[in-house]
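Me: I have a structure open and want to go through it piece by piece. Can you help me read it?

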Amino acid sequence: MMSTTLSCIAQQGKHGAAMMPIIQGVGRAATEIAYLLRGAVFRGALGAAGGENVQGEQQQKIDVLSDEIFLEEMRSTGFVCAVGSEEQEELQVIEEYADAEYLVLVDPLDGSSNLDIDGPVGTIFSVVRRISDRSQRPVESDTLQAGRNVIAAGYVLYGPATMLVCSVGAGVHGFTYNPNSARFELSHPDMRMPASGGYYSVNEANADKWLDGLKDKFVMMKQRTGLGMRYVGSMVADMHRTLLKGGVFLYPADEKNPNGKLRLLYEAIPMGFLVVQAGGKAMSRGGSVLDIQPEGLHQRVPVYLGSADAVDMLA
Ligand code: AHG
Ligand code: MN
Ligand code: MN
């Protein structure tokens, strides 16, 4: 039986045809990054790059290399005018396609603190239509759109298998890289967030510093749901498990990170878009993640993502 590849996205919803070339570009970047990860230790590519990113965090060499790979593959689609990346302070304009219609937001390598222990890491992306006129160069304000405007979003999980999970607004579909065919093939059609069960997933070491009266609600949630706990420390891995098994992933605000740690544009919004498309709930401080009006490329927000029953007990 013929396998279903990323090209099936063209038939999904009203944006599938336009989004397919961009998601195929993500698939090419994912294949290159997966290859880079497998041999990184032998090329001295693990470890710190020596610089700090705009977040003030230690940049790993592979953060930088993944960012370069992703930008090149977005350029090669011919449909992307600019990329907003966790690893770049400013918007990266793709000069030869500055009149193209779409912008991509990306966390090129998520969970990179897991690299030295050979843990799972990921790439997270979302796609928005530009606001500025196509005769102008794209500007940062083109990226500052609420999650309700997102046209496509997804993630790559570099685990025992390399998976690409994405949505163009017509449900969430998981593709697994098949080394025999050298293509991503549909393996998890129409992923749905389980309404109950699963795990809670949070860095509980921060509990005494949580804000917004969360700690009492968290204790109550654990007692009422009886959920088990799993935490990898890589958002993509923790969110992939939450999508498949149910439960809740949270990164709350705390005294150290008064707006939480995760970034709105390239972590919270793409993951929130997927969770809502899969029938779950995506909340931040006092409302949906998808309703927050972004004010900056690297803005941080608290997130509560997962099965509605567990999220409602916390957010
Ligand atoms: P990144 O590697 O892109 O900076 O993201 C790391 C994030 C996210 O992947 C994960 O959920 C979170 O950091 C873990 O933070 P703690 O180590 O503070 O728990
Ligand atoms: Mn990240
Ligand atoms: Mn990252």
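Reply: I124 stands opposite Y155 in strand 7. The model is predicted, so local features need pLDDT of at least 70 and side-chain atom pairs 80 or more, while totals for chains, interfaces and linings use all residues. Residues are numbered from 1 along each chain as its sequence is written, chains are lettered from A and ligands numbered from 1 in the order written, and side-chain values use heavy atoms, without hydrogens and water.

Me: Which strands does strand 6 pair with, and in what sense?

Reply: Strand 6 pairs with strand 5 in the antiparallel sense over seven bridges. Strand 6 also pairs with strand 7 (residues 152-158), again antiparallel and over seven bridges. Pairing requires at least two DSSP bridges between two strands. Strands are DSSP runs of E with at least two residues, helices are runs of H or I with at least four, and both are numbered from the N terminus.

Me: Is strand 6 buried or exposed?

Reply: Eight of the nine residues of strand 6 (residues 121-129) are buried, so the strand is largely enclosed by the rest of the structure. Buried means under 20% relative accessible area, exposed over 50%, and partly exposed in between, with a 1.4 Å probe and protein chains only.

Me: What is the bridge partner of D110 in strand 6?

Reply: G122 is the partner of D110.

Me: OK, metals. What coordinates the manganese ion (ligand 2)?

Reply: D107 (OD), D110 (OD) and E267 (OE) do, at 2.0 to 2.1 Å. Donors are N, O and S atoms within 2.8 Å of the metal (3.2 Å for Na, K and Ca); water is not among the atoms, so sites may look incomplete. The donor residues are spaced D-x2-D-x156-E in sequence.

Me: Where do D107 and E267 lie?

Reply: D107 is in strand 5 (residues 102-110) and E267 in helix 5 (residues 264-277), so the pair ties together parts 160 residues apart in sequence. D107 is buried at 1% relative accessible area, and E267 is buried at 1% too.

Me: Which ions does D107 bridge?

Reply: D107 bridges the manganese ion (ligand 2) and the manganese ion (ligand 3), which lie 3.7 Å apart.

Me: New topic: what is the phi of D118?

Reply: Phi of D118 is near 55 degrees, a positive value in a residue that is not glycine. Most residues other than glycine have a negative phi. D118 sits in the loop between strand 5 and strand 6 and is exposed at 73% relative accessibility.

Me: And D212?

Reply: D212 has a positive phi of about 60 degrees and is not a glycine either. D212 lies in the loop between strand 11 (199-201) and helix 3 (214-225), and is partly exposed at 43%.
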